[in-house]
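Hi,

Here is the structure I promised to pass on. Have a look at it first, and then read my notes below.

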Amino acid sequence: MTSKPTAEVDKDAVKARLVTAVSMHRAGRLVEAEAAYRAILEQDPRNIDAQHLLGVTLYQSGRPAEAIDVVRRVLALKPKAAPLHNTMGLAYQATGDVATAEWSFRQALVFSPDYAEALVNLGNLLREKGD
């Protein structure tokens, strides 16, 4: 993978491409969104939003193990980001690793105690466990 050094990345062009990718994602065009996120990452490998949304897309495409790998890398760049931990929780839950999913949702809430999506996901997980 060849990429420009970060200093040479056209941030406006990347932002426009990200808006387009998110539109595809929201429209349920997951294959196209995945390709768009990957193209953004070719240009700007440290783009946290593209990395996270690629992970979300992989999870939503039924590829939670791949999502975990992608989101784990972005968590190394931004370890206190609640949405990243929430996505990890969803992906781990999809793999059947309920304990790690619960831990991930709880981590999201450590960093953002009022994060509604993580609260709902944790509640649903605990209900499914019978807690």
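Predicted model: local features only at pLDDT ≥ 70, side-chain atom pairs only at ≥ 80, totals over all residues.

Is Gln 107 buried or exposed? Gln 107 counts as buried, because its relative accessibility is 18% and the cut-off for buried is under 20%.

**Helix 6 itself**

Helix 6 covers residues 98-111. Its 14 residues reach 20 Å from the first C-alpha to the last, close to the 20 Å expected at 1.5 Å a residue. Besides Gln 107, the buried residues of helix 6 include Ala 101, Glu 102, Ser 104, Phe 105, Ala 108 and Leu 109. As a reminder, an α-helix has 3.6 residues a turn, so residues three or four places apart point the same way. What covers the buried residues of helix 6 includes helix 5 and helix 7.

Leaving out residues up to four places away in sequence, Ser 104 touches His 85, Met 88, Gly 89 and Tyr 92.

**Helix 6 against helix 7**

Two packed helices are described by the angle between their axes and the distance between the axes. How do helix 6 and helix 7 (residues 116-129) cross, and within what distance do their axes come? The axes come within 9 Å and cross at roughly 150°, and therefore the two helices are roughly antiparallel to each other. The crossing of helix 6 and helix 7 is left-handed.

On the helix 6 side, the residues that meet helix 7 are Val 98, Ala 101, Glu 102, Phe 105, Arg 106, Ala 108 and Leu 109. Helix 7 brings Ala 118, Leu 119, Asn 121, Leu 122, Leu 125, Leu 126 and Lys 129. Sorted by class, this contact has ten nonpolar, one polar and three charged residues.

Asn 121, in helix 7, counts as buried because its relative accessibility is 13%. Apart from residues up to four places away in sequence, Asn 121 touches Asn 86, Leu 90 and Phe 105.

**Helix 2 against helix 3**

Helix 2 passes helix 3 in a left-handed crossing. Helix 2 makes this contact with Leu 30, Glu 34, Tyr 37, Arg 38, Ile 40 and Leu 41, while helix 3 uses Ala 50, Gln 51, Leu 53, Leu 54, Thr 57, Leu 58 and Gln 60. By class, there are eight nonpolar, three polar and two charged residues in the contact.

**Helix 4**

Last stop: helix 4 (residues 64-77). At 1.5 Å a residue, its 14 residues should span 20 Å, which agrees with the 20 Å between its end C-alpha atoms. Which residues of helix 4 are buried? They are Pro 64, Ala 67, Ile 68, Val 70, Val 71, Val 74 and Leu 75. Their cover includes helix 3 (48-60) and helix 5 (82-95).

Over to you!

Notes:
Residues numbered from 1 in each chain as written. Heavy atoms only, no water. Axes fitted to C-alpha atoms, helices over the stretch in contact; angles between N-to-C directions. Helix = DSSP H or I, 4+ residues; strand = E, 2+ residues; numbered from the N terminus. Parallel < 35°, antiparallel > 145°, perpendicular 65-115°, else oblique. Left-handed = near helix turned anticlockwise from the far one by under 90°. Contact = heavy atoms within 4.5 Å. Nonpolar A, V, L, I, M, F, W, Y, C, P; charged D, E, K, R; others polar. Expected span 1.5 Å × (residues − 1). Buried < 20%, exposed > 50% of the residue type's maximum accessible area, 1.4 Å probe, protein only.
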